[in-house]
Amino acid sequence: MTRGYHPLVKQLLEGERSLADLPPELRAEGEEALRLLGAVDRAPATLSEALDQRVMAEVRRRAAAPGHRAWQWLTQPRDVQVRFRIRPWTIGALAAAAAVALLLARPAARSGPMATGARDSVWVKFVLYAPEAQQVAVAGTFNGWDPRAAPLVRTGTAGVWTTTLALPVGQHQYTFVVDGERWVADPAAPSVGDGFGRRNSVIAVSQQGARVL
Amino acid sequence: MGSGDEAADGAVVRAVLAGDVEQYAVLVRRYRDRYARYAARMLGSLDAAEDAIQDAFIRAYDHLAQCRDPDNFSAWFFRILRNRCLAERRRATRLGPALDVGEEPLTASGRADDEVEQTERLRALERALLELTPEQREVFVLKHVEGLSYEEIATRTGATVASLKMRMHRAYDRLRERLKEHQ
């Protein structure tokens, strides 16, 4: 069985060393390795012109399908703006109504967790060790995957970046965005595939706190 | 060519999502050839590469709303294509090498006599490359065909530079074994 290349020959293949740098007994192996690289086909690959037409025909067919439009509508992130118009006297009326409702709904004194509804979000601290990063942010389902919405700050400890966010109760997926372009799953949390080759970390936030899944 | 051809990827993606489906042709024109060589070398033939790129464009359209960074559509599209190529290679590996081996080299054509040896070497290398694992083959293609650095490959694939180098070294050894066997 043929042995693999000598480590020095691999350095030659990696462009870290020239053939003349190899010891004489490795020159032949080096020449063999260079013939391998010389045989690599680097010619451009040209696809048929009909490819564009086939893709666009299928895209048009899908765009016309009602199911696809509904899917796009459901999955496309969008900004929602809610506007109120209110007369000044109604503020007083609403405040009075709220006070009455609170009096009627106030339960008997009891021990245990805070009253229901008092905590609909929980502070969660995100930490990433990235000593070479210039900037780090966290993007996830809680901020529309916006890589600029939640930057982390460098702490006193070398290479450690943190931020604390109030997350709504529920399950969230997130990743760290390093230097604005590299999406990195949280090494301290389990992750799931996003279907496109990346991993998203998963966290569950409840009124008792947050835990990774 | 319409004015859309000069528009940034992000603007084109947003136009498609807003209902201007024809704008998708701008992205197809822009990226159909950019990754053709990668797909061809990964899959071993131009026909397979064309199928993979067509599927990747349609899959990208289906999931366009989930493209987190429309201005970086090309990287997102590459990941879709890469997944398709790796899945195809794994499937071919399960089925055995007979499907691929024996194809004409990708650029083979009428050659002068003094080029016959080079053509044979190219064919032997193509055959040997198909016997690498999909991940080993990918790092070899990205480094020695596409000419990327390990750092650039790491950005594209999400793997660390150390693991990429390890894959590459194993690929060198395996290629040597296979080429010796084919001689």
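Helices in this account are DSSP runs of H or I with at least four residues, strands are runs of E with at least two, and both are numbered from the N terminus. By that rule α3(B) is followed by B:G44, a residue whose phi is positive, near 90°. The model is predicted, so local features need pLDDT of at least 70 and side-chain atom pairs count only at pLDDT 80 or more, whereas totals for chains, interfaces and linings use all residues. Residues are numbered from 1 along each chain as its sequence is written, chains are lettered from A and ligands numbered from 1 in the order in which they are written, and side-chain values use heavy atoms, with hydrogens and water left out.

Nine helices and zero strands were assigned to chain B, giving the pattern α-α-α-α-α-α-α-α-α along the sequence. Of the 183 residues in chain B, 52% are buried (under 20% relative accessible area; exposed is over 50%, partly exposed lies in between, with a 1.4 Å probe and protein chains only). The accessible surface of chain B comes to about 8100 Å² (Shrake-Rupley method, 1.4 Å probe; for residues, only the protein chains shown count as cover), and carbon and sulfur atoms hold 47% of that surface. Among the contacts in chain B (heavy atoms within 4.5 Å) with a separation of 6 or more, 65% join residues 24 or more positions apart.

The buried residues are B:A36, B:Y38, B:A39, B:A40, B:R41, B:M42 and B:L43.

The C-alpha atoms of B:R82 and B:Y38 are separated by 9.0 Å, although the two residues are 44 apart along the chain. Beyond its neighbours within four places in sequence, B:R82 is in contact with B:Y38, B:E138 and B:T157. With a relative accessible area of 10%, B:R82 is buried. B:R82 also forms a salt bridge with B:E138, the closest N and O atoms being 2.6 Å apart (the rule asks for a side-chain nitrogen of Lys or Arg within 4 Å of a carboxyl oxygen of Asp or Glu). This pair links distant parts of the chain, since B:E138 belongs to helix α7 and B:R82 to helix α5 of chain B, 56 residues apart. Both partners, B:E138 and B:R82, are buried.

An α-helix has 3.6 residues a turn, so residues three or four places apart point the same way. B:E88 is partly exposed at 23% relative accessibility, B:R84 is partly exposed at 23%, and B:R91 is partly exposed at 35%.

The interface with chain A comes next. Here 50 residues of chain B are in contact with 50 residues of chain A. The area buried between the chains is about 5100 Å² (the accessible area, with a 1.4 Å probe, that two parts lose on being put together, summed over both), and carbon and sulfur atoms give 55% of that area. On the chain B side, B:R32, B:R68 and B:R176 lose the most area to chain A, together 17% of what that side buries.

Nine salt bridges were found across this interface, while the count over all chains is 22. A:R62 forms a salt bridge with B:D62, with 2.4 Å between the closest N and O atoms. The elements of chain B that give two or more residues to the side touching chain A are α2 (24-31), α3 (36-43), α4 (46-62), α5 (73-95), α6 (116-129), α7 (134-145) and α9 (161-182). By class, that side has 25 nonpolar residues (Ala, Val, Leu, Ile, Met, Phe, Trp, Tyr, Cys and Pro), 17 charged residues (Asp, Glu, Lys and Arg) and eight polar residues (the others, Gly among them).
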